[in-house]
Amino acid sequence: MAAETIVGTLEEAALKRKERLQALKDRKRGAWQITEGTTEQSKETLPKPVFRSYLPHDEKLKENALPKAKPSNLEDQVKDELEATKSKPTIEGLDLTNLAPRKPDWDLKRDVAKKTREVGTSDTESDCRVN
């Protein structure tokens, strides 16, 4: 029973694939027929060109040209940004104890540890000599 259901689903998938391929072939044949047909049909399917930086010489194409863009006035935006930078930030809300490290001398202890070992050994030697 399980083998029959697998075979059934495989056959259905094969039929669907054949239908999709046939639809693609039909679309392709239709596209070729339009291009081989009259020129009016092919012109209708082509998109209209849009000219952004080129001004065409033909009057029909000048209709598709975009108008020249005018730069916008940025003075107001720049003034607002400059004013925003001039305002002083509030420090009242900051707690400086949270910003400081918990052990500010940890790196000093690390650097001094080697020297204190040497001093410690010389101190013990001098104590032995005195006694």
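This is a predicted model: local features need pLDDT of at least 70, side-chain atom pairs count only at pLDDT 80 or more; totals for chains, interfaces and linings use all residues.
Figure 1. The secondary structure consists of six helices and zero strands. Read from the N terminus, the order of elements is α-α-α-α-α-α.

**Figure 2. A positive patch that includes Lys16 of helix H1.** Here we look at Lys16, Arg17, Lys18 and Arg20, which together form a positive surface patch. Lys16 belongs to helix H1, which covers residues 2-36. Is Lys16 buried or exposed? Its relative accessibility is 51%, and because exposed means over 50%, Lys16 counts as exposed.

**Figure 3. A salt bridge between Asp26 and Arg29 in helix H1.** Staying with helix H1, this view turns to a pair of side chains. Asp26 and Arg29 meet in a salt bridge, with a distance of 3.8 Å from N to O. How far apart are the two residues along helix H1? They are three residues apart, and therefore about one helical turn separates Asp26 from Arg29. Both partners are partly exposed: Asp26 has a relative accessibility of 42%, and Arg29 has a relative accessible area of 48%. A search of the whole structure finds two salt bridges, and the next view shows the Lys62 and Glu59 pair.

**Figure 4. A salt bridge between Lys62 and Glu59 in helix H3.** The closest N and O atoms of Lys62 and Glu59 are 3.6 Å apart, and the two residues form a salt bridge. Lys62 and Glu59 lie three residues apart in helix H3, so they too are separated by about one helical turn.

**Figure 5. Helix H4, a helix largely in the open.** Helix H4 takes in residues 75-86. Why is helix H4 described as lying largely in the open? Of its 12 residues, the number buried is zero, so the helix lies largely in the open. Its length can be checked too: at 1.5 Å a residue, the 12 residues of helix H4 should span 16 Å. The end C-alpha atoms of helix H4 are 17 Å apart, which agrees with that expectation.

**Figure 6. A negative patch that includes Glu83 of helix H4.** Which residues form the negative surface patch? They are Glu75, Asp76, Asp80, Glu81 and Glu83. Glu83 is found in helix H4. With a relative accessibility of 53%, Glu83 counts as exposed.

**Figure 7. A nonpolar patch made by Leu74, Val78 and Leu82.** Finally, a nonpolar counterpart comes into view. Leu74, Val78 and Leu82 make a nonpolar surface patch of about 270 Å². Where does Leu74 lie? Leu74 sits in the loop between helix H3 (59-62) and helix H4. At 47% relative accessibility, Leu74 counts as partly exposed, because that class lies between the buried limit of 20% and the exposed limit of 50%.

Notes
Residues are numbered from 1 along each chain as its sequence is written. Side-chain values use heavy atoms; hydrogens and water are left out. Patches are made of residues with over 30% relative accessible area and no salt bridge: like charges are joined within 9 Å, nonpolar side chains (Val, Leu, Ile, Met, Phe, Trp, Tyr) within 5 Å. Accessible areas come from the Shrake-Rupley method with a 1.4 Å probe; for residues, only the protein chains shown count as cover. A salt bridge is a side-chain nitrogen of Lys or Arg within 4 Å of a carboxyl oxygen of Asp or Glu. Lys and Arg count as positive and Asp and Glu as negative; His and the chain ends are not counted. The place of a charge is taken as NZ of Lys, CZ of Arg, CG of Asp or CD of Glu. Helices (H or I, at least four residues) and strands (E, at least two) are DSSP runs, numbered from the N terminus. Buried means under 20% relative accessible area, exposed over 50%, partly exposed in between (1.4 Å probe, protein chains only). The expected span of a helix is 1.5 Å times one less than its number of residues.
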